[in-house]
Amino acid sequence: MNNIHSLDGQSGIVVADAGCILQTLQEYTAERGYLLPLDIGSKGSCQIGGNVATNAGGCYFNRFGGLHGTVCGMEVVLPQGQVIKLNLEGSDNIEGYGGCHRKDNTGYDLKHLFIGAEGTLGVITKVAMACPRLPNSKNVALLICESYAAVLEVLAAAKEELGEVLSAMELMDWSTLSLVQQHMSNKEEFMILNEILRFEGSQNQAPLYLLVETQGSNAEHDLSKMDSFQTRLFESSIISNGYIATDSKRIGSFWNIRESCNPSVALDGYVYKYDVSVPIEDYMEVAAEVKECLSSKASFPLAKVCVWGHLADGNAHVNVVTPGLFDKDEAFASYVDEAVYGSVLKRKGSISAEHGIGQSKRDILKRVKDKSALDVMVQLKAMFDPRGIMNPGKVLLSEGKSATSFDS
Ligand SMILES: Cc1cc2nc3c(=O)[nH]c(=O)nc-3n(C[C@H](O)[C@H](O)[C@H](O)COP(=O)(O)OP(=O)(O)OC[C@H]3O[C@@H](n4cnc5c(N)ncnc54)[C@H](O)[C@@H]3O)c2cc1C
């Protein structure tokens, strides 16, 4: 279940078993000149089938458009035992038909139902994914902004100046990077953090940090774009400071700092995790409102709010951590849930940008999802899995029953 079957040298479509580790697949395609268009922090352990089942987003969503755009074929075993091939080699009907194509418009595109279904409709056994060419050049800038207003100016400048080579735009706040530094074992990355954390914010605001990546086909052209982008930021004093990495070691260090956010915060205490979508201009507002709510909550006076995420997608990872306390407090969790979801819903945001529903957000789903859409989800679940054997209790409360049972 972890074989890589093929990589088509013309189309860039790679076909692999669902059990293939994401990083192994990334390395396999890179060795053959293609970029697997998915990268997430857990790449060393997660599997491509799990990534598709959870519709994992990651840092390149803005550039490549997510798995609904890049997954082009799939094999799935349904709960009743049928094996279905969706735009994949080996379809058992017409002889000679059934290869995997970038475009296949032959009726309902069923593969989309399994992307993000969290294993509630079937078991994905094979995945075909379209990969772009591996970029020849990559540059990463680490920028320090004194305020969120400055971050928005950097975002606008990045879209204008970097345009087609802009590949990722990640934001991290000061609370998060302080914890990353506290738990950083790599000496060089510790020194980078030491350097950037000494800058101060303005008007009682802690600074914010941006990681901006470009990927392209011409190193000279891409670097000159990055240079003029950074010059514009310095000349207009939008940033307090900025550093560019052009060699793979330093690029790796910058990305390791970003990928250390999640594990570092978890070393500090229990983390109440939220992953939300809001309008980009409101990106830091949810955290600000949660901080406000927490300041009036005497039971956890030291709770910290840490924010990082995929800025260009409006996707914020809002984390409330209770330093030194590693057990979940249910009453506190409900309190923080209300604070976060209240703030998100007020902004017409999404309560789950990329972390799905699972069990923890199952109950709030009925409050936020269109009732008719939820009815269709329940009907689909009942049709695919009438016995309710696929991840029971995940995403939907009642297996194979009508939506009215949500209201009881
Ligand atoms: C819903 C969800 C969304 C996530 N999104 C992101 C993200 O966008 N970015 C990020 O950095 N991290 C994300 N994570 C965290 C983690 O990186 C992902 O969980 C990872 O993609 C999952 O891969 P895995 O192999 O570890 O799956 P597991 O953790 O083993 O399984 C995750 C879920 O998928 C189901 N599943 C696993 N394999 C299959 C399969 N072959 N067929 C059908 N169902 C299967 C499981 O039953 C389970 O419900 C997400 C986690 C979840 C639960």
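Author: The largest cavity holds about 30 Å³ of space. A cavity, on a 1 Å grid over the protein atoms alone, is a set of points where a 1.4 Å probe fits but cannot get out. Grid points are joined across faces, edges and corners, and the volume is the space filled by probe spheres set on the points. Why use a probe? Rolling one the size of a water molecule over the atoms shows where empty space is left.

A word on the source. This is a predicted model, where local features need pLDDT of at least 70 and side-chain atom pairs count only at pLDDT 80 or more, while totals for chains, interfaces and linings use all residues. Residues are numbered from 1 along each chain as its sequence is written, and side-chain values use heavy atoms, with hydrogens and water left out.

Back to the cavity. The structure holds one of 30 Å³ or more. Its lining residues, those with an atom within 4 Å of a point, are Cys59, Asn62, Met169, Glu170, His310, Leu311, Ala312 and Asp313. Four of them are nonpolar, two polar and two charged. Here Ala, Val, Leu, Ile, Met, Phe, Trp, Tyr, Cys and Pro count as nonpolar; Asp, Glu, Lys and Arg as charged; the others, Gly among them, as polar.

Now compare the open kind of space. A pocket is an open set of points with protein on both sides within 12 Å along at least five of seven lines. The largest pocket has about 880 Å³ of space. It is lined by 36 residues, and Asn55, Ile115, Gly116, Ile357 and Lys369 are the closest to its centre. Elements giving two or more residues to this lining are α2 (48–54), α5 (111–114), α14 (362–368) and α15 (371–384). Helices are DSSP runs of H or I with at least four residues, strands are runs of E with at least two, and both are numbered from the N terminus. The largest share of the pocket lining, three residues, comes from α15. By class, the pocket lining has 16 nonpolar, 14 polar and six charged residues.

How far can you trust the model? The average pLDDT, the predictor's confidence in each residue from 0 to 100, is 92, and 94% of the residues score at least 70. Over residues 399–408 the pLDDT is below 50; beyond near neighbours in sequence, this stretch has 19 contacts in the model. Contact means heavy atoms within 4.5 Å. Where pLDDT is low, predicted coordinates should not be read in detail.
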